[in-house]
Every structure is written in C-alpha cells, then in structure tokens.
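Biologist: I'd like to learn how to read pockets, cavities and helix packing in a model. Could you walk me through one?

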Amino acid sequence: MFINREDYVDMVRPFYETDLIKVITGIRRSGKSVILQAIRDEFLHNGINGNQIIYINLEDFEYEFIKTAADLHKEIKNRITSDQKYYIFIDEVQNVKDFEKVLASLRATLKTSIFVTGSNSTLLSGELASLLVGRTVEFEIMPFSFSEVKEYFRVNNREFTEDMIFDYIKWGGFPLRFDFHREQDIRRYLLSLYEGIIKKDIAGKSSKFDKKTFMAISLYILANAGKEFSSENVINYYKTHHKKSITRQTVYNYLEKMQKAFLVHGVKKYNIVGKEALKANEKYYAVDMGLRIINTNSINFEDTFFLENVIYNELILRGYTVYTGKTYKGEIDFVAIKDGKKCFIQVCYLLASAETIAREFGAFKPISDASPKYVMSLDKIDMSRDGIGHINIVDFLLRKVDIALT
C-alpha cells in the first residue's frame with residue numbers, strides 16, 4: 001500500500017492552477033509516479049470532473065502507440081472535447097522525442113495545467129529547452145525519508161522500531177526495497193536498479209558509453225560520499241583495482257552524469273567569516289544510502305559520513321539550502337539556510353568520550369555568528385552545553401524535535 005507523501009505534494013500544491021509546467025524529477029524508482037497520482041486524486045477529490053483529467057503513463061504498454069511528439073499531441077487533443085480547463089499528467093515524458101514541442105503548444109493554445117515526470121535532469125536541457133525557458137517549475141523527489149519509512153510500515157501493518165535507523169542507514173529508502181527481507185535480496189534489487197539507471201538514464205542509446213568503467217567509478221564515488229572529493233583519489237583507485245588509467249576529465253564527465261541522473265548532490269562550501277558561498281563543489285552526497293554499499297560487504301555505523309548523508313538528505317527534503325561550513329580553523333559539517341536565516345550543524349555517531357565532546361562542540365568556537373548551533377548524534381541523553389543544542393538524530397528524522405534558524 002502506498003503512503004501519502006505530503007511533503008512533496010505540499011511543495012507542488014501552490015502551483016496547481018498556474019500555467020507553469022510542473023516538472024517532477026528525481027532518481028528512477030523514487031516514487032515520482034505515486035506523487036503524480038496523488039496530485040491527480042486530489043483534483044478528483046476537490047471536485048474536478050474526471051473528463052478534465054488526462055493521465056498518460058508512457059511506460060505503460062497501453063500507450064505503446066505513442067512514439068513521436070505528433071502521436072502524443074494527437075492523443076491529448078483527441079481527449080480535449082470542451083473549452084473547460086484540462087489537467088494533463090504525463091509520466092516519464094522523456095520517452096517521447098521532442099516532447100517539449102507538445103508541452104509548449106498545449107500551454108500556449110489551450111486552457112491547461114500540465115504535470116510531467118522524468119528521471120534525468122537533462123529532461124529540459126536539450127536543444128528544444130528554449131521553448132520552455134521560464135515556463136517550468138521543478139520538484140525533485142527522493143526515496144523515502146526515515147519518517148516516511150515509519151509511515152509506510154504503519155499503513156502496511158508492519159512493526160516499526162526506532163532501531164530500524166541502522167537498517168535505513170545501510171539500505172536506504174527506495175520504496176520497493178522494503179518488499180524484501182533478506183540482505184542478499186535487497187542488494188540484488190538495488191544492484192539491478194542501479195544497472196537500470198545506468199542503461200536508461202545515463203548511457204541511453206550511446207554505443208560508445210563504457211558502462212563497465214562508469215559502474216566502477218560511480219560506485220567508488222558513492223561509497224565515499226561525504227568525504228572531500230578528489231579526482232586524484234578516483235584515478236588512483238581505478239588504476240590500482242582495475243589496472244587501467246583514466247583521465248581527470250573522464251572522472252568529472254562521469255560525475256556530471258551521476259548528478260544528472262540524481263545519483264548524487266554536489267555541496268558547496270560556505271565561508272562563514274565572509275558569509276558567502278564558494279563556487280566549487282567540495283563534497284557529494286548520495287541521494288540514497290543503499291547505493292553507497294551495493295558493491296561492498298559491510299558498513300561501519302560509526303563512520304560519520306553515513307550519518308552526514310542521512311542528515312543532508314533530510315535537510316534537502318525540508319527545503320533547506322545546505323552547504324559545508326568553512327571557518328578559519330576548520331570546518332562545520334553543515335550550514336542550513338532557509339528564507340535568509342541559518343543554523344550550523346555538526347554530526348557524529350556517539351558523544352562517547354570527553355575528547356569527542358570537546359571536538360564536536362568545540363568546532364563552533366571560531367564562529368562569532370549568533371545563529372543557532374547544533375550537534376546531532378545517536379545519543380539519547382540531551383548533552384546540550386554552552387549555548388549549543390544537542391539533538392538526537394532519530395528524534396530529528398522522525399520530527400519529534402526540530403532546528404531553529406535566525
């Protein structure tokens with residue numbers, strides 16, 4: 001049974017009646033179609049006549065006859081039989097070449113509100129993109145957050161405990177992975193999904209694309225998500241383990257493809273003293289935790305980078321712009337900004353020693369900015385001190401507590 005992913009629907013809701021084309025993007029199998037269906041169902045619930053709603057899933061064999069932009073345009077025009085406003089939903093629109101012509105034409109000539117989904121950020125960046133410049137608004141859908149996992153278990157009458165955070169850190173939140181219980185089955189599903197993403201959203205129809213090399217490099221980048229990115233480390237890894245050389249340009253080309261397929265998010269540094277974002281991406285975080293370990297055998301839960309990745313994804317879901325923080329003495333894990341206000345966040349596994357406590361809380365000492373400062377960990381005892389708040393990570397993910405901004 002599906003869950004109501006209200007965070008995402010609520011993002012789209014203010015744009016329901018605008019003539020902007022609503023583009024719902026995100027990694028394959030993250031649940032974009034479910035969001036599209038939820039929006040359609042909300043229109044029906046609010047009294048919109050079903051005849052005014054046109055829903056086309058281009059991965060459904062029912063619409064296999066739609067092969068060209070002309071086919072798509074004809075199908076939609078044939079279903080518009082009055083001068084009423086029509087609500088058009090097209091799932092996986094990138095499956096039709098030159099679809100931009102159809103969207104631009106419908107928007108310009110008819111009373112419509114258009115919603116589309118796609119699994120690659122190049123969706124609106126081709127030669128025809130100029131037809132839609134300034135006429136779209138985009139929403140990225142990610143796999144389940146931890147609070148959504150809890151809701152999924154509730155609606156499916158399955159037992160949920162907060163200790164499942166460790167399962168989530170390891171295997172992530174792709175909805176279909178929860179159909180499997182054995183680790184080897186989950187891993188097999190995630191690997192199959194990843195290979196499908198490479199085939200459909202990255203390699204495409206290119207016969208020259210080296211899938212094997214991309215697979216090796218991309219999985220290494222995912223396994224090291226959250227660490228400061230170094231193309232030299234990637235090059236050395238590939239040479240050591242695969243006995244072949246690759247160029248720095250190849251690494252960055254592959255990294256760009258990973259971003260366009262929503263496998264990773266690039267994170268820039270924020271100069272806390274100068275109060276400005278720096279240009280280069282310093283770190284990359286995986287859009288889903290399960291992708292980080294599908295090619296490895298184990299996970300060290302004390303590795304803070306895994307927890308950082310979970311917190312980063314949660315902050316993005318909640319609408320924050322997120323940077324890593326740079327001080328004159330070191331770094332802060334995250335600077336979270338929304339509506340011109342911000343806070344600073346350090347993430348660690350457990351505050352298990354005096355040295356760890358001193359290091360994590362002491363990271364804020366170089367910061368004179370009065371914005372709120374937080375240390376997040378899995379400790380259940382509140383260890384706030386010196387004006388710096390301490391937040392239990394599970395409580396934050398399940399929205400029992402929240403951060404404040406100034």
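This is a predicted model: local features need pLDDT of at least 70, side-chain atom pairs count only at pLDDT 80 or more; totals for chains, interfaces and linings use all residues.

Biologist: How much space lies in the second largest pocket, and which helix gives the most to its lining?

Modeller: The general idea is that rolling a probe the size of a water molecule over the atoms shows where empty space is left. Here, the second largest pocket holds about 430 Å³. Helix α2, residues 32-45, gives the most to the lining, with 4 residues. Sorted by class, the lining has 8 nonpolar, 5 polar and 7 charged residues.

Biologist: And how many cavities of 30 Å³ or more does the structure hold?

Modeller: A cavity is a space where the probe fits but cannot get out, while a pocket is open. This structure has 1 cavity of 30 Å³ or more. The largest cavity contains about 150 Å³ of space.

Biologist: Which residues lie nearest the centre of the largest cavity?

Modeller: Look for Pro-143, Phe-144, Ser-145, Tyr-168 and Asn-313, out of 18 lining residues. Helix α12, residues 304-317, supplies the largest share of that lining, 5 residues. By class, the largest cavity is lined by 11 nonpolar, 5 polar and 2 charged residues.

Biologist: Now helices. What describes two packed helices?

Modeller: Two things: the angle between their axes and the distance between the axes. Take helix α3 (residues 69-79) and helix α4 (residues 99-109): their axes come within 8 Å and cross at roughly 30 degrees. Angles under 35 degrees count as roughly parallel, so α3 is roughly parallel to α4. The crossing of α3 and α4 is right-handed.

Biologist: Which residues of α3 and α4 meet?

Modeller: On the α3 side, Ala-69, Leu-72, His-73 and Ile-76; on the α4 side, Val-102, Ser-105 and Leu-106. By class, this contact of α3 with α4 has 5 nonpolar, 2 polar and no charged residues.

Biologist: At what angle do helix α8 and helix α9 pack?

Modeller: Helix α8 (residues 211-223) and helix α9 (residues 231-242) pack at about 125 degrees, with their axes 10 Å apart. That angle makes α8 oblique to α9. The α8 and α9 crossing is right-handed. From α8, the contact uses Thr-213, Ala-216, Ile-217, Tyr-220 and Ile-221; from α9, Asn-233, Val-234, Tyr-237, Tyr-238 and His-242. By class, the contact of α8 with α9 has 7 nonpolar, 3 polar and no charged residues.

Terms used:
Residues are numbered from 1 along each chain as its sequence is written. Side-chain values use heavy atoms; hydrogens and water are left out. Axes are lines fitted to C-alpha atoms, for helices over the stretch in contact, and angles run from 0 to 180 degrees between N-to-C directions. Helices (H or I, at least four residues) and strands (E, at least two) are DSSP runs, numbered from the N terminus. Angles under 35 degrees count as roughly parallel, over 145 as roughly antiparallel, 65 to 115 as roughly perpendicular and the rest as oblique. A crossing is left-handed if the near helix is turned anticlockwise from the far one by less than a right angle, and right-handed if clockwise. Contact means heavy atoms within 4.5 Å. Ala, Val, Leu, Ile, Met, Phe, Trp, Tyr, Cys and Pro count as nonpolar, Asp, Glu, Lys and Arg as charged, and the others, Gly among them, as polar. On a 1 Å grid over the protein atoms alone, a cavity is a set of points where a 1.4 Å probe fits but cannot get out, and a pocket is an open set with protein on both sides within 12 Å along at least five of seven lines; lining residues have an atom within 4 Å of a point. Grid points are joined across faces, edges and corners, and a volume is the space filled by probe spheres set on the points.
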